[in-house]
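Please read them with the coordinates open.

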Amino acid sequence: MKRSFAQLLGLTLLSLLVAHAQSRAPSKDALRRDIERARDRVLPALVNILVVDRYFEGGRARYKLGGGSGVIVSPEGLVLTNYHVAADSVRIFCTRVNGERLEAEALYHDPMTDLSVLRLKQPPNTPKRKFPYAVLGDSDALKTGDYVLAMGNPLLLASSVTLGIVSNPKRVFLNPFNQEVEGVEFEQGDRSGMLTRWIQHDALILPGNSGGPLVNLQGEVVGINQLGGHGVGFAIPSNIAKRVLEQVRRIGRVERGWLGFRAMPVEKLRRDTGVLVASVLPGSSAEQAGIRPGDIILKIDGKPVNARFPEEIPLVYQQIAELPIGKTVAVELLRGNERVVVQAQVERLEPYYGEEDEFRTLGFTARDITRPMARALRLPEAGVQITGIRPGYPLDTAEPKLNVGDAIIQFGDRAIHNLRDLREAIEAHQGQENIPIVFQRRTETLITVIRNKPPAPPSPSTELPKAWIGIRTQVITPLVAQALGDPSLKGFRITEVLPYTEASKAGLQVGDLIVALNGEPLEASRVQDARDLERRIERLTIGEQARLTIVRNGERREVSVRLEPNPAAVDVGRSIRQEELEIAVRDITPLDRMRNHWREDQQGVLVIEVPSGSWAHLGGLRSGDLILTVNEQPVPNTQAFQQVMKAILAQQPPVLIVQVLRERDTSFVFIEPDWKELTQ
């Protein structure tokens, strides 16, 4: 039968439309099937984690509920979750998707990767069984745009699944000014990120998702979700989790190699290979081998070491972490134009914070001192650091006073290396009334004695320095009282609450009106009464709780503030302004060295002003940085700084390489000014 052209065309178009519809429908169905398959493979291994957390405050232990997510990764019931979910827990409960609730124990905490390995406990008097578990996939195979599922228990609502895509499988967090890799800090103060390139994705995660699995469409766990918000999530790659899990299963802990230097990329140095040594830890293997800040490391143990860009820095640390602990390795480096080979022994990489515990009978808390802590804070490696003192308890009776941050190295007649030694020493001296304690404070080794019973308050006249509250005030004169709406007011108005002081912790605010001290009214009403409150406080005892009666928004209330020693006034060194870079610097003083825990002979110039929008600000220089060198030229004082900058202005180099000491750690700032603009 013949058909017209129009009929043939219509049939052709119809068949094309049907084929197109059929091709689209399976695509949607295929994605749905992939999602369902991936969900079904991992969901039985998902657990909701509820923990009882212990934290320390005011010299005592406190407890609170917390929670997160986890995933079973072995038939014997090993669970992976975040360190910040489980680290401080004293009890852990895992609830499976079928409603079964099991207690778990922590096998190992690894703050450097923010991972913890737990083990589900079998119910008593039940036969041993195997648990459904998820398979850890290859996170290195992830590509931008891959579909992923985030599973967990957001807001402690069990068994949630969200869909998203991988935005970046190799994310690092950078300082926006100098492109330096930064870590992520959690509630406990531990930092994670030195070894990690996170998987960034947009599958919705919320508080409570921490520790839950990130799953590809093959049903493999490719990450452990760590943090998120504003539509962006970050997960720890599964390949990092695999290495943690394998070591915990094999030897019960995680061991990593470390040489003791901090690395920066070399792109700013116009290099393609090597890695820049930003700082060297005192006493570390790198320092003993002669490695210096500014060296370019080319090879370690015969293998090239390259970090052109910030994203490659974690790979350098991973490479070092794989080195056998105790092995002596050759480090090939470039120093100036000279190639140098040094020998360095691989150390064990340790977390920064040690274990913390409470000593209830004596009224204080303390933590083990790790080598990183000892090096950063100039503490002894053998000893324990005081983290809190409870007012009125025996440790608070020490003469001279013990402070938070002091390191106990001997208790009674026993040397103290760690918390275990301290527990045993306290037990051995529990019947002794007066107990001597040897402790270290900064660079001093001191001895004190505590009374092993609640003491009588010491005489205020014997206390040096004098007691102090970290506030500034003005007298409530009749005119001020009238302006405040109550002509009968007398006392002091708070004009400033100094940060980091006990006054700030107690919640005092600018504008509070102090009308009584320890129940006694304050009658100040004249300008010449300005020091009356200060004098009355000075007659009290350091460490005592001062009870302030304040008026806030017309309401009277009581605020208790622990009295502190009166800090010395800051000696101001010579300061200068560098016009081209628009920065101000000054000579450092002995008090600067003491307050910043710097060496007694530390030299440099302190940055006191970095205007926003200046070249120095764009390069990442900060107020408070201590400049050590500029383009490898030492600047021990402002006079030397002026001479070095004069030579630099004449040379006009494309990059100023500024080595700084920042928060007890050296770093490099790269300032790239437009000299033509600055010198025209």
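1. Among contacts (heavy atoms within 4.5 Å) between residues at least 6 apart in sequence, 60% join residues at least 24 apart in the protein chain. The chain holds 14 helices and 47 strands, taken as DSSP runs numbered from the N terminus (helices H or I, at least four residues; strands E, at least two).

2. The model is predicted, with local features requiring pLDDT of at least 70 and side-chain atom pairs pLDDT 80 or more, while totals for chains, interfaces and linings use all residues. Residues are numbered from 1 along each chain as its sequence is written, and side-chain values use heavy atoms, with hydrogens and water left out.

3. Of the 680 residues, 46% count as buried, meaning under 20% relative accessible area with a 1.4 Å probe and protein chains only.

4. Glutamine 578 lies in strand β41 (residues 575-578) and counts as buried because its relative accessibility is 8%. Its side chain reaches the backbone nitrogen of leucine 581 at 2.7 Å, and, leaving aside neighbours within four places in sequence, glutamine 578 is in contact with Ile583, Phe641, Met645 and Leu649.

Terms used. Buried means under 20% relative accessible area, exposed over 50%, partly exposed in between (1.4 Å probe, protein chains only). A polar contact is a pair of N or O atoms within 3.5 Å; within protein, one must be able to donate a hydrogen and the other to accept it, and residues adjacent in sequence count only if both atoms are side-chain atoms.
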